[in-house]
Amino acid sequence: MLRGPLDSLYERLFSSIEIDPRWVECVRDAASRGRVVYVLRSVSFIDLFALDYITRKYALPRLGFSNIPVPWLFETGASTLRALIGRRGAPSPDGVRATLRRNEACVIFLKRSTSFLEGTERSRIEADEFIQEMIAFQRESEVPILLVPQVFVWTRLPDEAKVSALDWLLGPREWPGYLRSVGQYIGSYGNVVMKSGVPINLLQFLQGEGASLDNSERSTRLVAMLLGNLESERKAITGPTRKTSDQLHEEIIRSPELEGLIRELAGDGTAERTIVTAKALAMLREMESALDLNAIAAMARAFERITAHMYEALEVDQAGLAHLRELSKRGTLIMLPSHKSHIDYMLLAYVCYRNSFPVPLVAAGDNLNFFPLGYVFRRAGAFYIRRKFAGDRLYVAVVDAYIRRLIQDGWALEFFLEGGRSRTGKLLAPKFGILSMVVDAAIGNPQRVYFCPISIGYERFVEEKSFVRELTGGEKRKEDVRGLMSTFALMMGRYGRLNIQFGEPLSIDSLLLESEAPITQGDHWSAEQKRNVVRRLGHRVMNEINRVTAVTPGALVACALLAHQGRGIAHDAFVALCTHLATALREQGARFTPSLVSPSDPEALRPTALREALELYLRAGHIEAHRPGAPEGSNEREVLSDDSIYVLKPNSRLVLDLSKNVVMHFFVERALLATCLLASRETPVAEEDLRARVRQLSRLLKFEFTFRADRPYDQIFSEELAAMVDAGYIERKAAGVAPTRGAEQIAAVGIYANLLRNFVEGYRIAARALTHLLRTSVSPKDFVKRAMSLGDRMFLAGEISCREAVSRPLLENALSAFSDQGYIERDNDGKFRLTTSYAHTETVRTIEGKVAGYLPRDLDRFR
C-alpha cells in the first residue's frame, strides 16, 4: 500500500544517478544463470533505497532481504504497514537462505562505518555470518549464487590521508556513517555514480580455490575479494588518497635521490643543508599542483558555457575511455595527448570529470603561470615546470622526485610529448626529457604504468590567426594577461567540432619484450638501454596518436580544396573528390568522427557533413562560394548550393593547411609514390627506379612526417604500389609502371601528388636560399628570414604555386634535412655554412635542381 508514494519519492531522490549500463546487463546475465546477491561496501540505508529504486526501474531481480534492519522494504500490501510499525529486530542469517529459496535477491553490506556515533553496533552488522550461511546454502544447491558487487559513489572527492575530528565522529569519507552518508547524498545530488565490479560465481569459488578452506576462511577470503573489487571500482572514480601538503613535501625531500643531491651540494654543514633544502622546497611550492574538484566542477560549467558557443559538439571515443578506466584499476595512467591548442589543457580534464574519471595532473610550462590563468590551471591539476632547466641539478632532482612521488601514489599524469603546441597541424617530434623521468619512475614502481596515446582533434583552431602569423615569420608572443584578454574576441567565432580518440596503451614490459636483446624491469639497465627504451616509447606513442587521429569534416574538406589545383571547383566535382579521399582514408584504416559518417551506413559520408564544413570556412572568410550568373555583390554569390563553385582564397591556404596536415600522415606513402611517378622523366618508369626515388624523397622529408615503423620500407612501397594498381590508377607494363591512361585515373594520381606539393616547393625555396651561404655563414634565424622573403618573391613570380610552401617550420625542417644530407653544416658559432663539396654556385644550383626534380611535370604527357 506504500509502494506508490514510495516510488514517487524514489523518482525524485534517485532518478539523477548515473548508472553503468554494463551493470544492468551484468545483473540480467547473472539472474539468467543463477541466484543474485547484491554486495555493497559500507552499511548505508541510502544505498539500499537507491538499489531498490534501480532494480525496480530496470526490472532486475527483486530485493527480498538485507543484513540491515529495513523489513518493510521487502513486503507488499498490508504486510508493508505491519512491518513498518512493528518492532525492528536484527536481521537473521536464516533470512539469506529463505530469500534465495524464493529466487529473490539478497543485499549484503560487508562492513560498517567505524564512526564514534555508530561504533557500538559494528559487530552485529558485519557480513561474515551472512556470507557463511550463503556458503552453506550453496553447498546444498546446484544452482550457482552470483555475488554482484556495486558501489555508489556519493562524493567524487578523493580520500584524505589525514583523519579529522569529523572523520572520527561521523566516519571517514570512504566509510561514512548514517549521518555522513546523508550529507554526502545532499552535497552530491545530481552528480552520483554507480559502478559495478566483476561478479563472483560462488559455486565455482567453492569448487576451486575455496575447496580446501573451512567456512570461516572461505568467508574471510570472499569478503577480501569483494572489498578489493569494490575499492578498485571506487578508486577508479575518486582517484588516489590525497596527502597533506606537508606530508607530500616531506616525502619528496626525503626521497633518496634528492636527499643525496642536497647532501652533495651542501656538504656536511647543517646550515648549508638547511639553505639548500629550503631552496628545494621553494622550487617544489612553485611547481606543485593544487587540484581542487570543487574548482574543477565550477570550471566544467564555465567550460561548457564557453565551448557551447564556439563548438558544435564534443565527440569522445567512449570505448577507448572505458578501456583506460579498466587499466586504471590495475595501474597508473600516463596520458599523452597531442597538443595543438591551449584548449587541450582543459579539454581532457573536462572529459575525465564529466565521465566520472579521476582528473589527471598536468605538466604545464611555466610560461602559463601568470595571473589569473596560472591560479585557475593549478586548481585544474596543472603543475608548472620551467621550459628550460638544463644544468640546474637541484631543479632537475626536484622535478624528478615530484613526478616519482605522484606515480608511486597512483596519480594519473598528463603531459604533452611534443613539448609545445604544433603550429602546423602535424605532430611534432617527441621530446624525451619528462618522458625519461617517468620511465625511470615506472621501472621501479610496484604497480604497472600505462602510457596512453590520445589524439585531440579540431576542425578549426582557435589560434589559427596567431599560427599563420608565426608560420609567415612573425615572432611568438609571450602568454600574458593582454594575450588572455584578446582570446575573448576569439570565443565569438565558430570552430566546428572537437573530438578525442584514445590509442592502445603501452607498457614498459611490452616494449622490453619487443627489444632485440630482451631485458626485464628487475635487470640493471645501462644508460644506453634506458635511452633506447625511452626513444622507442616516444616514437611508438606518436605513431599511435597518428593511427587513431579521426578524420573530421573540416579536415576532409581542407584536403579536397588544397588537392584541387584549379582556381575553383564545382560542387559536384568537390563532393566526388571528398568521396574519393574518404575512400582512400578508409583503406588506410583511418577513424572517422561520428559527424562525418552516415548513422545508417558507416561506409557513407553524412549528406550534410561536407556542407557544414564548407559553411564553417565560408563564415570564417577562408573560401568563397560563387553562383555563375549571379550579379556582383548579390547575396546569391555567398549561398551554398548544388551549382556553387568554391574558390579558396590564396591568403587562406595556410589556414586550411593546418586542417589538412592533421590527416596528411594517412596519405604520405601514396603521395610520395604519386609525386615520384609524375615527376619521372621516363614513362613508364622501372619499378626499382621508382622504389629508389621514393626512398630518396622520403629521406629528404624525414623531418616532416612520422613514417610508419611497423613494416620495412620495401614492404610498405610494394603494398602501396599494389593498392594503386588494384584501384586502377597505375598500370604495370613490360618496361615498368605508369599512370593508367585516362583523364580520371591520371587526375586521381595527381590528387595525391598535390597533397605533397607544398612540401617539395618549400624545400625548393630553401635550396635556392642556400646561395646566401656562398659568401658567409648565416644563423638559422637569419637564413629562414631571408628564405621567407625569397619564397614570397617566387610565389608572386609564379615559380611556385602553393602559398603554404612559404612557411617557417617547413624551411626550418628543410635546413635540418640539408644538414642531414651533407649539404650544409654548423660552424663553431652555431651558424650554417655550405660544406666544402657544395660551396660553389653550380653545386648549390644542383641542390635546387634535385629538389625541383620531384615536382610533377605536365600531366598531359601521360594522356
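How many nonpolar, polar and charged residues does the lining of the second largest cavity have, by class? The points below take this up, for a predicted model in which local features need pLDDT of at least 70, side-chain atom pairs count only at pLDDT 80 or more, and totals for chains, interfaces and linings use all residues. Residues are numbered from 1 along each chain as its sequence is written, and side-chain values use heavy atoms, with hydrogens and water left out.

1. The lining of the second largest cavity has six nonpolar, five polar and five charged residues, where Ala, Val, Leu, Ile, Met, Phe, Trp, Tyr, Cys and Pro count as nonpolar, Asp, Glu, Lys and Arg as charged, and the others, Gly among them, as polar. A cavity here is a set of points, on a 1 Å grid over the protein atoms alone, where a 1.4 Å probe fits but cannot get out, and lining residues have an atom within 4 Å of a point.

2. Of the 16 residues that line the second largest cavity, Thr-424, Asp-657, Asn-661, Ser-807 and Leu-810 lie nearest its centre.

3. At least two lining residues of the second largest cavity come from each of α28, α32 (743-769) and α34 (808-821), and α28 gives the largest share, four residues. Helices are DSSP runs (H or I, at least four residues), as are strands (E, at least two), numbered from the N terminus.

4. Helix α21 (residues 464-471) packs on helix α28 (residues 653-663) at about 105°, with axes 10 Å apart; the axes are lines fitted to C-alpha atoms over the stretch in contact, and angles run from 0 to 180 degrees between N-to-C directions. That makes α21 roughly perpendicular to α28 (65 to 115 degrees).

5. In contact (heavy atoms within 4.5 Å) are Glu-464, Phe-467, Val-468 and Leu-471 of α21 with Leu-654, Val-655 and Leu-658 of α28. By class, this contact of α21 with α28 has six nonpolar, no polar and one charged residues.

Notes. Angles under 35 degrees count as roughly parallel, over 145 as roughly antiparallel, 65 to 115 as roughly perpendicular and the rest as oblique. On a 1 Å grid over the protein atoms alone, a cavity is a set of points where a 1.4 Å probe fits but cannot get out, and a pocket is an open set with protein on both sides within 12 Å along at least five of seven lines; lining residues have an atom within 4 Å of a point.
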